[in-house]
Amino acid sequence: MRAIAIALLVVSGCATPYPALRAAAQSGQAAIAAFETYDHDHKRALFAAHPECKSAPSPETCFLAALAPYAVERDRVLSRIDSLAPALIEAAHVAKQADADRALTDALAARILALGASVMQSIAALRGAP
Amino acid sequence: MNATAIINLIATLISSLAPVVSGLLAGGISSEQAKAEAYAAIDALLADLGALRARVKADDAAAIAEAVGNVDGK
């Protein structure tokens, strides 16, 4: 009987959805940070790989041109993130209004995790892009 | 104490201790605090997303300026 009571206590304790929600939000932020880190480093490596720009009549224009192909690929990723954001905002709004509705908070966490996974896949795709 | 009384006692214990256990499992914090932290993290994520494109574009300009600066400083 005591074991059953302890098990029920643990189950009821696990029922709170908020730690999972917070963890999902933090993992989403980590994915965004990883994307920005990749972008930051890649641009500088890209410019270093264009020594001809150093002697170009207009180095700034030359570096901008060197950036262009990558910027096009990256813009697809940013557009994908932009397209996911409204649904995420709406889901967060609905979950807040519902206050502790397990299904809604789980759905919100799932959306955030999907966003994070999409960002990480995008980084991998950018790494693989020529 | 009969079986019914024991079950009632256990039920009372569960209902009174569940929030405490829930808080402990969440890292020793209350459910309200856990909720506030979760939504604060989501708000931070949404703010991050909203400003991402602008940050990336600003870094483009910074990266080019650094590269041009390296040329100038050569």
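Visitor: Which residues of α3(A) are buried?
Guide: This is a predicted model. In α3(A), the buried residues are A:P59, A:C62, A:F63, A:A66, A:L67, A:R74, A:V77, A:I81, A:L88, A:A92 and A:A95.

Visitor: And where does α3(A) bend?
Guide: The bend is at A:A68 and amounts to about 40 degrees. A proline, A:P69, follows within four residues.

Visitor: How far apart are the end C-alpha atoms of α3(A)?
Guide: They are 55 Å apart. At 1.5 Å a residue, the 40 residues of α3(A) should span 58 Å, so the two values agree.

Visitor: What comes just after α3(A)?
Guide: A:D99 is found there, with a positive phi of about 50 degrees.

Visitor: Changing topic: how many residues are in the largest nonpolar core?
Guide: That core has 24 residues, and A:L21, A:A25, A:I112 and B:A38 have the most contacts inside it. Two or more residues come from each of α2 (18-48), α3 (59-98) and α4 (102-128) of chain A, and likewise from α2 (31-72) of chain B.

Visitor: What does A:L21 touch?
Guide: Leaving aside residues up to four places away in sequence, A:L21 touches A:T105, A:L108 and A:A109, together with B:A38 from the other chain.

Visitor: Which residues does the second core include?
Guide: The second core is separate and has 9 residues, including A:C53, A:F63, A:A66 and B:A67. Of these, A:F63 and A:A66 are also among the buried residues of α3(A).

Visitor: Now chain B. Is B:A41 buried or exposed?
Guide: B:A41 is buried, because 21 other C-beta atoms lie within 10 Å and the cut-off for a buried residue is 20 or more. B:A41 is found in helix α2 of chain B.

Visitor: Which residues does B:A41 touch?
Guide: Not counting residues up to four places away in sequence, B:A41 touches A:R22, A:A25 and A:Q26. One of these, A:A25, is also among the residues with the most contacts inside the largest nonpolar core.

Visitor: What separates the C-alpha atoms of B:A41 and B:V56?
Guide: The separation is 21 Å, for two residues 15 apart along the chain.

Visitor: Finally, how many helices and strands are there in chain A, and in chain B?
Guide: Chain A has 4 helices and 0 strands, in the pattern α-α-α-α along the sequence. Chain B has 2 helices and 0 strands.

Key
Residues numbered from 1 in each chain as written. Chains lettered and ligands numbered in written order. Predicted model: local features only at pLDDT ≥ 70, side-chain atom pairs only at ≥ 80, totals over all residues. Core = buried A, V, L, I, M, F, W, Y, C linked by C-beta atoms within 7 Å. Buried ≥ 20, exposed ≤ 12 C-beta atoms within 10 Å, placed from the backbone. Contact = placed C-beta atoms within 7 Å. Expected span 1.5 Å × (residues − 1). Bend = angle between axes of the 7 residues up to and from the residue.
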